[in-house]
Amino acid sequence: MTTPPPALLIAGHGTRDDAGAEAFRDFVRELGSRHPELPVAGGFIELSPPPLGEAVTELVEKGVRRFAAVPLMLVSAGHAKGDIPAALAREKERHPGISYTYGRPLGPHPSLLSVLERRLDEALGAGGRTPWDRADVTVLLVGRGSTDPDANAEVHKAARLLWEGRGYAGVETAFVSLAAPDVPSGLDRCARLGAGRIVVLPYFLFTGILPDRVRRQTEDWAAAHPEAEVRSADVIGPEPELLDLVMERYEEAVKGDLRMNCDSCVYRIALPGFEDKVGMPQQPHFHPDDDGHHHGHGPHGHGHHHGAHSHAH
């Protein structure tokens with residue numbers, strides 16, 4: 001009898017936005033229906049049901065013993081580096097006999113850059129408005145924002161890769177929370193660089209509170225700066241490229257070919273201002289949502305994550 005393939009466990013960030021949480025759950029269901037040969041389940045680290053532990057229990061009750069976990073996240077910040085590995089370690093204690101491998105975040109993969117380019121094209125010619133030429137357009141790519149400098153740097157990497165060879169006047173970077181520049185400051189920067197036409201592109205997988213905030217802040221800035229022409233692009237969404245990329249990350253995890261970037265990780269390298277994080281112990285970051293309670297981390301619903309950092313490679 002052949003050994004069944006490891007189950008696919010998808011770990012999401014979580015959002016207070018019902019539509020965003022439902023988009024994640026729909027995505028997990030779609031992935032499962034595309035791959036009937038695989039047990040597939042997904043859960044959140046915080047803020048939305050089901051919690052990750054519930055997804056693990058669902059699979060264990062079906063007889064699953066081996067997992068490959070893939071974080072459905074664009075950048076490797078506190079959740080991907082700390083919270084998910086800690087949650088998986090906790091599940092291993094709860095369910096003796098299970099084993100898992102852990103995949104890497106999605107990153108600025110070429111296929112996702114193609115989707116971002118599509119979103120920009122939609123905005124450039126959207127809604128019957130005058131089409132814009134790429135050469136006249138400065139893009140402002142807006143990431144989630146993190147207290148982890150490596151995670152913020154990954155958004156800059158995505159911006160540079162998006163700019164390469166596509167003919168935009170420029171691609172600038174901003175963040176919606178926890179990191180500078182914020183959206184209005186990022187738009188100010190574009191204007192100071194001489195941009196007359198700006199498209200704000202949210203670097204987010206699904207709709208949610210933060211992408212909504214990006215759009216609202218963009219509209220407010222545009223109203224205060226009538227001399228600039230500003231349009232908003234849509235989030236990435238549950239595109240076929242995203243479904244394929246999750247399976248690519250699953251295959252990597254199963255084969256053990258992870259190639260995680262540790263070169264600028266605050267838990268390994270003393271980065272200026274973050275020296276105290278080097279070698280921090282692995283501590284689970286407790287999420288009360290495991291018990292169904294909603295909570296926030298500070299003013300933006302995010303927090304300073306502790307060093308439950310796993311580099312299992």
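**View 1. Helix α2 ends at Gly63, a residue with positive phi.** Gly63 comes after α2, and its phi is near 95 degrees. The model shown here and in the other views is predicted. Helix α2 spans residues 52-61, and its buried residues are Leu52, Gly53, Ala55, Val56, Leu59 and Val60. These residues lie on the same side of α2, because they cover an arc of only 160 degrees around the axis. An α-helix has 3.6 residues a turn, so residues three or four places apart point the same way. The elements that cover the buried residues of α2 include β1 (7-12), β2, β3 (66-71) and α3 (78-94).

**View 2. The whole protein, for orientation.** The protein contains eight helices and eight strands. It has 313 residues, of which 55% are buried. Among contacts with a separation of 6 or more, 77% are between residues 24 or more positions apart.

View 3. Five of the five residues of β2 are buried, so the strand is largely enclosed by the rest of the structure. Val40, Gly42 and Phe44 point one way from β2, while Ala41 and Gly43 point the other way. In a regular strand the side chains alternate between the two faces of the sheet. The pairing of β1 with β2 is parallel and runs over five bridges. Opposite Gly43 in β2 stands Ala11.

**View 4. The largest nonpolar core, with Ile10 as one of its members.** The largest nonpolar core has 52 residues, and those that touch the most other members are Leu8, Ile10, Leu31, Leu72, Leu106 and Val246. Another core, of 20 residues, lies apart from it and includes Leu52, Ala69, Met73 and Ala80. In soluble globular proteins, nonpolar side chains tend to be buried together. Beyond its neighbours within four places in sequence, Ile10 is in contact with residues that include Phe24, Val28, Leu31, Leu72 and Val246. Its contacts also include Val40, Ala41, Gly42 and Gly43.

**View 5. Two aromatic pairs involve helix α1.** The count of aromatic pairs is two. Phe24 and Phe44 form a tilted pair, with ring centres 4.3 Å apart and 45 degrees between the planes. Phe24 belongs to helix α1 (residues 18-34) and Phe44 to strand β2 (residues 40-44), so this pair ties together parts that are 20 residues apart in sequence. Phe24 is buried, since its relative accessible area of 3% is under 20%. Phe44 is also buried, at 3% relative accessibility. The tilted pair of Phe27 and Phe206 has 5.8 Å between centres and 55 degrees between planes. Phe27 lies in helix α1 and Phe206 in the loop between β7 (197-202) and α7 (209-224), so the pair ties together parts 179 residues apart in sequence. Both Phe27 and Phe206 are buried.

**View 6. Arg231 lies over the face of Trp132.** The distance from Arg231 to the ring centre of Trp132 is 3.9 Å.

**View 7. Asp234 and its surroundings.** Asp234 is located in the loop between β8 (229-232) and α8 (240-255). Its relative accessible area is 41%, and Asp234 therefore counts as partly exposed. Asp234 and Arg119 are 115 residues apart in sequence, yet their C-alpha atoms are 6.0 Å apart in space. Apart from neighbours within four places in sequence, Asp234 is in contact with Arg119, Glu122, Leu201, Pro202 and Arg215.

View 8. Leu47 is in the loop between β2 and α2. Its phi is near 70 degrees, which is a positive value in a residue other than glycine. Leu47 is buried, at 5% relative accessibility. Pro50 is found in the loop between β2 and α2. The peptide bond from Pro49 to Pro50 is cis, and its omega is near -5 degrees.

View 9. Leu178 is placed in the loop between β6 and α6. Its phi is positive, near 65 degrees, in a residue other than glycine. Leu178 is partly exposed, with a relative accessible area of 32%. Pro181 lies in the loop between β6 (170-175) and α6 (183-192). Ala180 and Pro181 are joined by a cis peptide bond, with omega about -5 degrees.

Terms used
Residues are numbered from 1 along each chain as its sequence is written. This is a predicted model: local features need pLDDT of at least 70, side-chain atom pairs count only at pLDDT 80 or more; totals for chains, interfaces and linings use all residues. Side-chain values use heavy atoms; hydrogens and water are left out. A nonpolar core is a set of buried Ala, Val, Leu, Ile, Met, Phe, Trp, Tyr and Cys residues joined through side-chain atoms within 4.5 Å. Buried means under 20% relative accessible area, exposed over 50%, partly exposed in between (1.4 Å probe, protein chains only). Contact means heavy atoms within 4.5 Å. Rings of Phe, Tyr and Trp (its six-membered ring) pair if their centres lie within 6.5 Å; planes under 30 degrees apart count as stacked, over 60 as edge-to-face and the rest as tilted. Helices (H or I, at least four residues) and strands (E, at least two) are DSSP runs, numbered from the N terminus. A charge sits over a ring if NZ of Lys or CZ of Arg is within 6 Å of the ring centre and within 35 degrees of the ring normal. The arc is that of the directions from the helix axis to the C-beta atoms. Two strands pair if DSSP finds at least two bridges between them.
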